[in-house]
Amino acid sequence: MFVLDSDASCALPKDLKNTVWEYNYTDVASNSEQTTNLSIANTRLPDSVINLNSEGTIVNSWTCINSLDISDTTNVLVFKSDASFPSSGGSRRLYLCMKLTKVTPDLFYFHLLSDIVTSLFPNERVFIPEADNIPADNATICSTFCQYTDSPKIRTLRRQDSSATLPSSISLCEPCDSACEEATTMMTSLETPQITTLPSTSSASSNTETTELRITTTDMKDKTTLETKPTESMYRCLENTDRFDIKWNRTAGNTLVTVSCTGEYTGTVSRNCSSSGMWDEPDYTQCISKSIKNLMQQMDKLLAGDSEFPLVSTTLGNLANITKSNNELRTGDIVTASALLGDIAKYVTNDTDKISVDQLENFGSICNELLDEKYHQSWKELKDKVKTFSEM
């Protein structure tokens, strides 16, 4: 293992240096909130809590090699790992691209502008160049070290014992080399919402100096609906793929995007791009699998008197099989399956003597599956939606 001892050529903001900061961030692997201390020296992060294991090499000290001063309060800093690690083509290093903004002398926030590298432990947003294509320390920062495809989450540095807090409107300012404070006069108001339909592969662009949202459309089968709300934002949500592999294109802030469900699912899924340029969780409450929807249609016939009691056993058996074999039920599936169980319970009320042990076991099995921890996010989505409606 080789350790770099040379001094860095970049300069950190003076309020940031030679201080131990309270460091708040979201762990990229577990998505859990973390709070610890981060020591920042004159130009280095020595023995840092950004402590990574790369192929058996511990990387926990970083040196600033390049910086870009965007404004009086915003900088882009590039840190290179002091330690290198071996690879098939030679030794390699890790790089951190940190877009840093000063809120007060006691509070900074930053984003790491790289994609998540899963070959590291723990996973982290870093740049790893190929061994035969190591960039020069003075290479162009944004195009070399700061490339990413999904939205990084905000991280904060607060001076210990300080009570400083972030403004609610804080978000990542894009592109890499722009300063958000320069665009504060660009926000506009629209008199009425605009709803435009375009293919899911199209991109929407907004000229923030006017009130016009310009969208290019073509005649295609799969379509996406963008609803721009009355106040247009200067921020953009980055392209993102959610947990069900639906791709969300780069979108103007303060926009609700609706796309068709994919695969064997019917209905639509929507996702809000907030005015601060951050994606909310997608809403899958209207996304239902065709197999569960078919069971609901059969139950409707049973309730209408068009079918016989034995259909209860068939419906419960099929629903039990679906919930056991599918580990990725959408929120709409959970809503529909729960309603289906409610209808069955209502139907058998007057025929309790016909209920079999198998029916009771299947009913209980389905309930257990729907309440499993793996669907925590879906139940939270439903709870948040009910709360939103109750507040309207």
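The exercises treat a predicted model and cover a helix pair, a hairpin and a sheet.

**Exercise 1.** Determine how helices α3 and α4 are oriented to each other, and which residues make their contact.

Solution. Two packed helices are described by the angle between their axes and the distance between the axes. For α3 (residues 311-325) and α4 (residues 331-347), the axes come within 12 Å and cross at roughly 155°. Angles over 145 degrees count as roughly antiparallel, and α3 and α4 are therefore roughly antiparallel to each other. The crossing of α3 past α4 is left-handed. On α3 the contact is made by V312, T315, L316 and L319, and on α4 by A337, L340, L341, I344 and Y347. Sorted by class, this contact has eight nonpolar residues, one polar and no charged.

**Exercise 2.** Describe the faces of strand β25 and its pairing with β26.

Solution. In a regular strand the side chains alternate between the two faces of the sheet. In β25 (residues 255-260), T255, V257 and V259 point to one face and are buried. Strand β26 (residues 265-273) runs antiparallel to β25, joined by six bridges, and T255 stands opposite C273. The two strands form a hairpin with four residues between them, where G263 in the turn has a positive phi of about 65°.

**Exercise 3.** Which strands stand at the edges of the eight-stranded open sheet?

Solution. The strand order is β2-β1-β14-β11-β10-β7-β6-β3, with antiparallel pairing. β2 (33-40) and β3 (44-45) each have a single partner strand, so one side of each is left without a neighbour in the sheet. For β3, two bridges join it to β6 (residues 62-69), and L45 has W62 as its bridge partner there.

Notes: Residues are numbered from 1 along each chain as its sequence is written. This is a predicted model: local features need pLDDT of at least 70, side-chain atom pairs count only at pLDDT 80 or more; totals for chains, interfaces and linings use all residues. Side-chain values use heavy atoms; hydrogens and water are left out. Axes are lines fitted to C-alpha atoms, for helices over the stretch in contact, and angles run from 0 to 180 degrees between N-to-C directions. Angles under 35 degrees count as roughly parallel, over 145 as roughly antiparallel, 65 to 115 as roughly perpendicular and the rest as oblique. A crossing is left-handed if the near helix is turned anticlockwise from the far one by less than a right angle, and right-handed if clockwise. Contact means heavy atoms within 4.5 Å. Ala, Val, Leu, Ile, Met, Phe, Trp, Tyr, Cys and Pro count as nonpolar, Asp, Glu, Lys and Arg as charged, and the others, Gly among them, as polar. Buried means under 20% relative accessible area, exposed over 50%, partly exposed in between (1.4 Å probe, protein chains only). Two strands pair if DSSP finds at least two bridges between them.
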